[in-house]
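Open the model in your viewer and keep the sequence panel beside it.

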Amino acid sequence: MPLFGRSPYRRSRSTVLLVLILLTTGVLAWQAHYAVQSHRAAAESVLRDYAALAADELVRRTAAKIGYEGYYPLVTALADNVRAASELDEGVAAIRSSTDEKLAAALPLVRRFFAADPGRSVAFSAETEVPGELSHWLASALGGERGKNQPYLSLQGIVNGAPVAVVLRDGAPTVGFEVDLDALAPFIRGAFEDRPLLPPTLGRGEVPNAAVAVALSDHGGVERFRSAGVYDARFGAASVFEEEYGGVLQGSRVVASIDPASASALVIGGLPPSRLPLLAALLLLAAALMATVVVDLRRERVLQKLRGDFVASVSHELRTPLTQIRMFAETLLLGRVRSDAEARRSLEVINREVRRLSHLVDNVLQFSRAERDSVALSPESIELEPRVREVIGSFQPLVDGTGVRIETRFQPGVEASVDPDALRQVLLNLLDNAVKYGPRKQSVVVGVEPANGCARLFVEDEGPGIPPRERELVFERFYRLERERTSSVAGTGIGLAVVRDLVARQGGRAVVEAGASGGARIVIELPSPPVEEGALP
């Protein structure tokens, strides 16, 4: 396994772990959604059962109320007052003039009375005109088989496309009346409002009829009553009137639904809300976290590769001066120099390469301290020109014999608040970069000038320059220009990163500009020392 970078095994393992985490998150989310849906489905089923119970109860109450308070008093009074079909009008008049309160309350249900002697046609009261189709349908209905000895019987049918209903009592004569279906609403409302449709044992008696939406439609599908609630089919059920109570409203249909706001009183835990938005948000969050992990892994791989390149670059940069030092040191030790001049030249080379090694080691150490955030600086007010000249003098042996000239452009008296050792390392890095990436026999310009209330230090070379799109990137650790990655010029990629870090820690900034000769100009702006109170400007 390589020391730096990630092996294919580790990369594949990371991919597998990411996939497993994503699958696990998806399965858990699906299971949570399934559990909530199952709970909700069970709660909805319970509410539908309670709605069916309410619908059945309304059917029972409505049939009983209309049957006992409407149909039965009317048909009984009609049978008592009409002994033959010819007495129908007199009997109807007696009924309408009766002082019986129950009978008076039931009379709105009658549209027209009728009577029929055995074997004779149906006779209607003279109150309203009778359609021929109704007479035909009623005669046919009276001729059918019916149960005997019932207090009354309700028959339903469709005449001319409209629903009709009649109530009759068999005998001699058979008497009855056509029902005014529009008059059923008050009786249905009375049955609905009488008491709660759901038994008090459900919901501790806290579920009134206002929480139950009901609607009743007759056998022809015409709606005859609707409560104030809003019907919701998800929590609804239906019940149909059968033959009970003499077939009152037989074929009519009641639909009922429970208000979901009352679910908490009827179902333990209430009606669970949908978790889809929350689960979707969690899945999106998980996906975002996974994407972040993937990005971090990719960055880690890139960083590992850069570190590997850094180690290789440092090794290469160390190897070259060490080889030079070893070679010239052996030359001196073996006495192979032919003159004092050659001996001095060998010592100069060793001195130059040792300085280069010291500079490289200082950079690596400074970079390591910055990574650990253990950099300690002590800024002080200093004049830049003498300090910069001193650093240039210590750097000069590194360019002797290369044809590189170092020119200076100083404005005297420029001061800055800076750590002297940090300034030295910054300037050495800039000079090293300028010499390394510029042409041989070039002129490297070092300048100091005041600008915008700060001190500017710049180093300009005559090299190919830095493209605008990469002028910020060169200050990132391990970054090297694309053209330099394939060149023979060695580099660690940390020099300018160390420069920016040291400058930023002292309140300054480092930028790249285009040089006058087309090369690169690295500009360092350092804060000027504070003006002492009472000092002359």
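Contact here means heavy atoms within 4.5 Å. With that in hand, select T174, a residue of strand β5 (residues 174-179). Helices (H or I, at least four residues) and strands (E, at least two) are DSSP runs, numbered from the N terminus. Leaving aside residues up to four places away in sequence, T174 touches F114, A115, A116, L142, L168 and R169. T174 counts as buried because its relative accessibility is 11%; the cut-offs are under 20% relative accessible area for buried, over 50% for exposed, and partly exposed in between (1.4 Å probe, protein chains only).

Before moving on, note that this is a predicted model, in which local features need pLDDT of at least 70 and side-chain atom pairs count only at pLDDT 80 or more, while totals for chains, interfaces and linings use all residues. Residues are numbered from 1 along each chain as its sequence is written, and side-chain values use heavy atoms, with hydrogens and water left out.

**The sheet that holds β5**

Select the five strands of the open sheet, whose order is β2-β1-β5-β4-β3 with antiparallel pairing. Two strands pair if DSSP finds at least two bridges between them. The edges are β2 (123-124) and β3 (153-159); each has a single partner strand, so one side of each has no neighbour in the sheet. Strand β1 (residues 110-116) pairs with β2 in the antiparallel sense over two bridges.

Axes are lines fitted to C-alpha atoms, for helices over the stretch in contact, and angles run from 0 to 180 degrees between N-to-C directions.

Most residues other than glycine have a negative phi, and most peptide bonds are trans. Select P173, in the loop between β4 (162-169) and β5. The peptide bond from A172 to P173 is cis, with omega near 5 degrees.

Next select N160, in the loop between β3 and β4. Its phi is near 55 degrees, a positive value in a residue other than glycine. Is N160 buried or exposed? N160 has a relative accessible area of 62%, so it counts as exposed.

**The largest nonpolar core**

Select Y71, F177, L184 and L266, the residues with the most contacts inside the largest nonpolar core, which has 63 residues. Helix α1 (residues 8-81) gives the largest share of this core, 16 residues. A nonpolar core is a set of buried Ala, Val, Leu, Ile, Met, Phe, Trp, Tyr and Cys residues joined through side-chain atoms within 4.5 Å. Centre on F177: among the residues that F177 touches, not counting those up to four places away in sequence, are Y71, L74, V75, F113, F114 and V166.

A52 counts as partly exposed because its relative accessibility is 23%. The C-alpha atoms of A52 and A237 are separated by 4.9 Å, although the two residues are 185 residues apart along the chain.

Then select the open sheet of four strands, in the order β7-β6-β9-β8 and with antiparallel pairing. Its edge strands, β7 (223-226) and β8 (236-240), each pair on one side only. From one strand to the next, the twist averages 15 degrees. Strand β6 (residues 212-217) and β7 pair over three bridges in the antiparallel sense, and the bridge partner of L216 in β7 is F225. Across β6 and β7 lies helix α5 (residues 184-193), running at about 35 degrees to β7.

Select N452, in the loop between β13 (443-451) and β14 (454-460). Phi of N452 is near 55 degrees, a positive value in a residue other than glycine. N452 has a relative accessible area of 81%, so it is exposed.

**The cavity**

For the last stop, select A422, L423, V426, L457, V503, Q506, I524 and L526, which line the largest cavity. A cavity is a set of points on a 1 Å grid over the protein atoms alone where a 1.4 Å probe fits but cannot get out, and lining residues have an atom within 4 Å of a point. Its volume is about 30 Å³; grid points are joined across faces, edges and corners, and a volume is the space filled by probe spheres set on the points. The largest share of the lining, three residues, comes from α11. Both α11 (420-437) and β16 (520-527) supply at least two lining residues.

Note on methods. On a 1 Å grid over the protein atoms alone, a cavity is a set of points where a 1.4 Å probe fits but cannot get out, and a pocket is an open set with protein on both sides within 12 Å along at least five of seven lines; lining residues have an atom within 4 Å of a point.
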